[in-house]
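Subject: Structure for you to look at

Hello,

Here is the structure for your files. Please open it alongside this email, and my notes follow below.

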Amino acid sequence: QDERLYEDALGCLQGAVEVAPLDRRVHNNLGRLCYVMGRPDEAIPHLQRAIEVDDESWYPHYNLAVTFLDLGREQEAVARLLRVLEFHPKLGLAYGLAADLLRRPARLWAGSDLEQRLADLERTFHPQDTPLRARRALALWRLHSPERRNLDMALDHAQEEVAATQGRDSTALAMFARIQFARGESRGAVCTLEDVAARPRVLQDHAGLLREYRKAIRPDLVSL
């Protein structure tokens, strides 16, 4: 039934494009719908058309960045993401996408202008004016950057996110544990993840990380 609803919406938006070919919202919504329907290649021209109509709207730039990232076109995703940050330097959604990008191999983003953007953000960082997702992006950057890796700073950023969420965000705690482990604090990382694992609805990634770190402490420990 959802598929039928999507197809109906697709038909309506395609008709709207014919009626209002210069409406960037219609092109953006059509591109977004194509992406949601699992058709990222079809989404791209609609989102690009939205940008041609109105280059100063951040929505199609953001949606295009998401689409490019999904297709493994990281450099193009970075370019769109940077455009979004030109409009909204503190946009949490943009830094959430940056965090997704920074989890990918460093060769795909190292040396890009995104690193300079993060360096500028870190230099002007103010807790009251920085979204939580930006703190996670900064932590990942300092953890994974080949040239600017700094585990002390990565830990500081992760601690700030944990403190800001009062320890309630399991993903923030898992990020903190990753950095602890990278610093050689294996037992501390395990303690952090055990706190996460004791909560309802533990993510598989976090449970797997806990098994990996426990095994690093006790190589003979195979199962939990």
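How many aromatic pairs does the structure hold? There are 3. Please keep in mind that this is a predicted model.

**Aromatic pair in H4**

Start with Trp58 and Tyr62. Their ring centres are 6.1 Å apart and their planes stand at 75 degrees, so this pair is edge-to-face. The cut-off for that label is over 60 degrees. Both residues sit in helix H4, which covers residues 58-70. Trp58 and Tyr62 are 4 residues apart there, or about one helical turn. Trp58 is buried, at 13% relative accessibility. Tyr62 is buried too, at 15%. Buried here means under 20%.

**Aromatic pair between H10 and H12**

Now look at Phe181 and Tyr213. This aromatic pair is stacked, with 3.9 Å from centre to centre and 5 degrees between the planes. Phe181 belongs to helix H10 (residues 170-182), and Tyr213 to helix H12 (residues 204-217). The pair therefore ties together parts that are 32 residues apart in sequence. Tyr213 is buried, with a relative accessible area of 4%.

**H5 against H7**

Two packed helices are described by the angle between their axes and the distance between the axes. For helix H5 (residues 74-87) and helix H7 (residues 113-123), the axes come within 10 Å and cross at roughly 30 degrees. The crossing of H5 and H7 is left-handed. Which residues meet there? From H5 come Val78, Leu81, Leu82, Leu85 and Glu86. From H7 come Asp113, Leu114 and Arg117. By type, the contact of H5 with H7 has 5 nonpolar residues, 3 charged and no polar ones.

**Thr67**

Back to helix H4, where Thr67 is found. Is Thr67 buried or exposed? Thr67 is buried, at 0% relative accessibility. A polar atom of the Thr67 side chain lies 2.8 Å from the backbone oxygen of Asn63. What else does Thr67 touch, leaving aside neighbours within four places in sequence? Thr67 is in contact with Tyr35, Pro40, Ala43, Ile44 and Leu47.

Best wishes

Technical notes:
Residues numbered from 1 in each chain as written. Predicted model: local features only at pLDDT ≥ 70, side-chain atom pairs only at ≥ 80, totals over all residues. Heavy atoms only, no water. Phe/Tyr/Trp six-rings, centres within 6.5 Å; stacked < 30°, edge-to-face > 60°. Helix = DSSP H or I, 4+ residues; strand = E, 2+ residues; numbered from the N terminus. Buried < 20%, exposed > 50% of the residue type's maximum accessible area, 1.4 Å probe, protein only. Axes fitted to C-alpha atoms, helices over the stretch in contact; angles between N-to-C directions. Left-handed = near helix turned anticlockwise from the far one by under 90°. Contact = heavy atoms within 4.5 Å. Nonpolar A, V, L, I, M, F, W, Y, C, P; charged D, E, K, R; others polar. Polar contact = N/O pair within 3.5 Å; in protein donor to acceptor, adjacent residues only side chain to side chain.
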